[in-house]
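Welcome! Let us take a friendly walk through a protein model and look at its charged pairs and one of its sheets.

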Amino acid sequence: MTEPRLKPASIAAHAAGAKDAAAAGVVPGISVSTTYLRGPDYALQRPDNIYGRDENDTVRQAEEVLRQLEGAAATRLFPSGMAAVAALARTVPRDGRIIVQSGIYYGVTHFLRQFCARRDLKLDEVEASDIDAVRHACAAPADLLWIEVPSNPWLRMVDIAAAAEAARGAGAALAVDATAATPVLMRPLEMGADFVMHSATKAINGHSDVLAGVLSCADPDSAMWQAVLADRHDAGAILGPFEAWLLMRGMRTLPLRLERMCQNAQHLAGWLAAQDAVEAVYYPGLADHPGHAVAARQMQGGFGYLMSFLVHGGHAAAARVAGRLSLIQRATSLGGVESLIEHRHVIEPQSGIPENLLRFAVGIEDVRDLIADLEQALAAP
Ligand SMILES: *Cc1c(COP(=O)(O)O)cnc(C)c1O
C-alpha cells in the first residue's frame, strides 16, 4: 500500500504520525535513555537502538517530519545549524575545493575560511546570484558548491537548477542553505540540489527556544552522505531528545506560522518601500527585487519572513530607528513568532554590511501593530 502524499500542513500538524505507542497517546513521549537493553542471549531488543550517540526515537521522529516536508531521501538533525554545515564540510577530501556564495550568513563564510585554511583546501567565493559567475567558477573541478537561498542579510536569489547543472559539470555536490525559506516555501532537492541544510533554530522551530540544524539529501547511498552519517556518529554532534521533542512541537504549526509571516512580510516590505526615511528594501517578494522572477519560480506560498532595509542617514539614523522600536525586539536571529530587528553592522563590522542596514525578521503579530511601531520609529527626530 502506498502512503497517500499529504500536504505540508497535514504532515506538520500530525508530526508525520508520531504517537506515544506505550500510552496510546496522541502526542509522542520523550525517549531519554542513552543506552538500550539486550536480552539473555545478548541480542539487542531493538536492533536499531544501541547507544544514544546515534540512536534516539525522539530525534528520529523529528527527522521524519523534516524528511517528509523536504521531500528528501534521508534527513539528519544536528545540535545547531553550524554543526550541520561543519559535518558536510568535513566530507571534502584533502586538496579538495569548495565554492561558496559570497555575502551569505557570515557564520558560514567565517567557518569555511578558517576550515579551508587549516586543511589546505581551496576556497573560492563567488556572487552566485549571477549564474554566469557560478558557471565560471565551476569550469574547474570542485567538491562542494555552497549557496544560500534567499541569502541572509541581502536576500539575494540563486537559480538553483542552473547552479545544480554547473555543479555537476565541476563534479561538485550542490548544497543549499534554505534557512530563510524553510521546506514549506522551497524544496531545493526537487530542483537538483544534492543537499539542503537549515538552521532549525530559526523558523522551523519558530519559538526562539531551541538550537538545531538539519541536513537532508537526495541520494542516501552517495559517498558524501555516508561520510556525514559516519561523522555524526563518530564525532558525536547529536541533538538531545528534549530539543528534538520541542522542535517537533514547534513544527506542528510551521506551515501556519509561515503563512502569517509571509503575509506580514509582503505587506511590510511594500509599506517600508513607500516611506521617505527608507532608502531601499531588500525582499524577494517585491516586483523590483532583482531576484523576484527566480524567487517566484522557486518559492511557493510566499517569499519568506526575512528582509533588510536601508535607512537614510547612515549609522546613527539606523541605530536611532532600531533604538526607538518597542514591539519589535532588538536581537539577533530570525524565524521566531516575535519580530526582531538587527543592526547587522554592529554584529559583524568586518563583513562589509552597510552601516545603515537593518535586518528585519518578521513574526506573526498583527501587521497593524508592526506598522505602528515602525511608523513611530521612522518618524523625523
Ligand atoms: C542562523 C543561521 C545559520 C547557523 O545556524 P545556527 O543554528 O545558529 O548554528 C546558518 N545559516 C543561516 C542562513 C542562518 O540564518
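## Charged pairs and a sheet

Arg-113 is partly exposed, with a relative accessibility of 36%; here buried means under 20% relative accessible area, exposed over 50%, and partly exposed in between, using a 1.4 Å probe and protein chains only. This is a predicted model, in which local features need pLDDT of at least 70, side-chain atom pairs count only at pLDDT 80 or more, and totals for chains, interfaces and linings use all residues. Residues are numbered from 1 along each chain as its sequence is written, and side-chain values use heavy atoms, leaving out hydrogens and water.

What does Arg-113 form with Glu-125? The two form a salt bridge, with their closest N and O atoms 2.8 Å apart. A salt bridge is a side-chain nitrogen of Lys or Arg within 4 Å of a carboxyl oxygen of Asp or Glu. Arg-113 belongs to helix H4 (residues 106-119) and Glu-125 to strand S3 (residues 122-126), so the pair ties together parts 12 residues apart in sequence. Helices (H or I, at least four residues) and strands (E, at least two) are DSSP runs, numbered from the N terminus. Glu-125 is partly exposed too, at 35% relative accessible area.

How many salt bridges does a search of the whole structure find? The search finds 18. Here are three of them:

| Salt bridge | N to O distance |
|---|---|
| Arg-46 and Asp-57 | 2.8 Å |
| Arg-113 and Glu-125 | 2.8 Å |
| Glu-342 and Arg-344 | 2.2 Å |

Take the pair of Arg-46 and Asp-57, whose closest N and O atoms are 2.8 Å apart. Arg-46 sits in the loop between helix H1 (8-13) and helix H2 (57-70), while Asp-57 is in helix H2, so this pair links parts that are 11 residues apart in sequence. Arg-46 is partly exposed at 36% relative accessibility, and Asp-57 is partly exposed at 23%.

Are Glu-342 and Arg-344 buried or exposed? Both residues are buried. Elsewhere, salt bridges with shared partners join Arg-46, Asp-48, Asp-57 and Arg-60 into one network.

Now for the sheet. Five strands make an open sheet in the order S8-S9-S12-S11-S10, with mixed pairing. Strands S8 (278-282) and S10 (329-330) are at the edges with a single partner strand each, so one side of each has no neighbour in the sheet. Two strands pair if DSSP finds at least two bridges between them. S10 and S11 (residues 340-343) pair in the parallel sense over two bridges, and Gln-329 has Leu-340 as its bridge partner in S11.
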